[in-house]
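Please walk through the model below one region at a time, beginning with the terms and ending with the pocket.

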Amino acid sequence: MNDAPRKAASIDAMMAALSASAAAVSRFPQVCELLDAISDGNSTVVEALRIAFGLYLKRPHDFGTEGRFENLEGVSDAQVALWSHAFALSTEAVLIARLGDLVWERRFQPRPDRAARHAIAAYLELADRWDGLEGMLCAARASELARALRDRDLTTDAYALAGRQFNRTIDDISRPGVSMGYLRLLVHAPSEFRPADLSQRIVRAKATLGATTYLYEAVLDLERLLAAGDPARLRALQVEHAQRLAEDADGTGLASLLHLQRASVVAEHLPEIRGPLLQRIRAIDLATVGFKEIRALQPVDEMAVRRTQEAFLAAPTWWEAIGRLLQRASPSGDDAANRGLARDLLGRSLLGNIATQLSVDPETNQARPVESEQQRFDQQLGEIERCAVQLDATFLVEPVLQYLPVRFTIEPAELRSALLAKNANAAASNLVADSLLHWWEGAPPMAVAMMLIPAIESLARSCVESDGGVVLDIATAEQRGGFRPLGDLIQAMQGRVDESWRRFLVCALVGEHGINLRNRLCHGLLLDASHADVAVLALVAMFLAVASPVAMQDSSDAKEAGGERNPDKH
């Protein structure tokens, strides 16, 4: 017995039933929910239709390029043939639009262009019928297909509908994405299809939606697109944008600081506007912004801290005590472990991965967005290293270095000789020795810190140069050349010194998210260095003076250079 006629009749009946029930849906995926009720045993057809209405149409944000169905190329020709058959039997717009679109996209013969034209008409019907974003996206798809067919009449119809729908939806400020979608569609239309009153529509959108900053900026972006090639108009829009953000900053709190920051970025090439904005940023009292300090109290075992300090001070000589400070693990922690911890913390931070974070510099009042994955990782890693270095300086390095001249007799000549033993930079080594001696004699920490900074830069150059690195930038007619900055020198040490200790140098001296002592001191941002700051700088200087921790003299050499323990000091 031949079942083909019965099966064909069954498919016809199924599509008739589906066309009748699909009139009530308001989204394409809802068709999948109707299929079980009208399958009538045609599992192959049902499966093909499920795929058709389950495909995701990836759309460009700006409607300037054509959307694409994801994974369409993986659908078999047999299933596309079923789509074509079902399309021919469909009488409801939602079925005609999706199936005709897919037949066109796969260029299924015969006459895929005819299927596309039927799909366009169906999309336009849905755009008029469906409310909200779904209707707007149907209008956008109709315009894409009409342009692909190069059909002027259908393209004109699609953009005319978009214009009518914009007028109908613009006053619904509870759903701005709908009217903005239609407006974006009109702006990105080929010039010959743009409505003559497009500029008036933009003015209306700005007046209706512009009270909200992000919507105002969305409309402004469309104005910029229309003003492309008109420098005077683009500059006027830039001025308007900066002034609007400055007005939004008239309040208080973090939002005010953010608007000022963004206004200054927009006004980058408008010095007459940017100067006053930066002055306003500098004048903000961060105490009024609304930041809340988060503290985590951690009990400290004082005896354990003292035992740790004594493990260094119990060395037979002062130089071996310094050697133990340099031969241990990096003060900022193990680099590989820190990176693993940073990744783990970021992975467990749900809010940090879905929200834009801000890094506010308390010394400049600048608020910088932390948006990319790399920026978030760098910030998290820097915070881990900074906390480690601060704790290390407070509980170990400062107490040990401060107590050295109490526990030992340190002769100035021996100190200079020990520091110079592993490098040829006598001037810098002597400056480090003088800095330590003045510190131990009670000099203000700020004075000692400012002695250590130039010695550190000089020793960093020596460290790189002694290993074959380059420390100069070439002088040309366009740039004067000269010595490379400290950050570049530390970067050049990668592979030359232990990476964990190199990361300590980054954190201590130049790291954006670290202690950043060199930059904060030299730029006048830190005007009151602490003893812990001096201890960090002294450790950096001594590390550079000996090039790497493993280059320290052994204890027998240190005993000869550093002298015996002073029996009168304890």
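Buried means under 20% relative accessible area, exposed over 50%, and partly exposed in between, with a 1.4 Å probe and protein chains only. The model is predicted, so local features need pLDDT of at least 70 and side-chain atom pairs count only at pLDDT 80 or more, while totals for chains, interfaces and linings use all residues. Residues are numbered from 1 along each chain as its sequence is written, and side-chain values use heavy atoms, with hydrogens and water left out. Helices (H or I, at least four residues) and strands (E, at least two) are DSSP runs, numbered from the N terminus.

Start with helix α5, residues 93-105. Its 13 residues reach 18 Å from the first C-alpha to the last, close to the 18 Å expected at 1.5 Å a residue; the expected span is 1.5 Å times one less than the number of residues. Helix α5 is mostly covered, with 13 of its 13 residues buried.

The loop between α4 (77-89) and α5 holds Glu92. Glu92 is buried because its relative accessible area is 8%, under the cut-off of 20%. Its side chain makes a polar contact of 2.9 Å with the side chain of Arg129. A polar contact is a pair of N or O atoms within 3.5 Å; within protein, one must be able to donate a hydrogen and the other to accept it, and residues adjacent in sequence count only if both atoms are side-chain atoms. Contact in general means heavy atoms within 4.5 Å. Leaving aside neighbours within four places in sequence, Glu92 is in contact with Ser19, Ala22, Ala23 and Arg129.

Ala22 belongs to helix α1 (residues 4-22) and, at 0% relative accessibility, counts as buried. Beyond four places in sequence, Ala22 is in contact with Leu34, Glu92, Val94 and Leu95. Ala22 and Ala93 are 71 residues apart in sequence, and their C-alpha atoms are 8.6 Å apart in space.

Next come some backbone features. Most residues other than glycine have a negative phi, and most peptide bonds are trans. Just after α5, Arg107 takes a positive phi of about 50°. A cis peptide bond, with omega about 5°, joins Gln109 and Pro110; Pro110 is in the loop between α5 and α6 (112-129). Asn71, in the loop between β2 (68-69) and α4, has a positive phi near 70°. Asn516, in the loop between α24 (499-510) and α25, has a positive phi near 60°. Asn71 counts as exposed at 58% relative accessibility, whereas Asn516 counts as buried at 15%.

Ser143 in helix α7 (residues 132-149) is buried, at 1% relative accessibility. The side chain of Ser143 reaches the backbone oxygen of Ala140 at 2.6 Å.

The last stop is the largest pocket, with a volume of about 880 Å³. On a 1 Å grid over the protein atoms alone, a pocket is an open set of points where a 1.4 Å probe fits, with protein on both sides within 12 Å along at least five of seven lines; lining residues have an atom within 4 Å of a point. Grid points are joined across faces, edges and corners, and a volume is the space filled by probe spheres set on the points. Of the 22 lining residues, Ser359, Val360, Asp361, Pro362 and Glu512 lie nearest the centre of the largest pocket. The elements giving two or more residues to this lining are β3 (357-361), β4 (366-370), α19 (373-407) and α25 (517-522).
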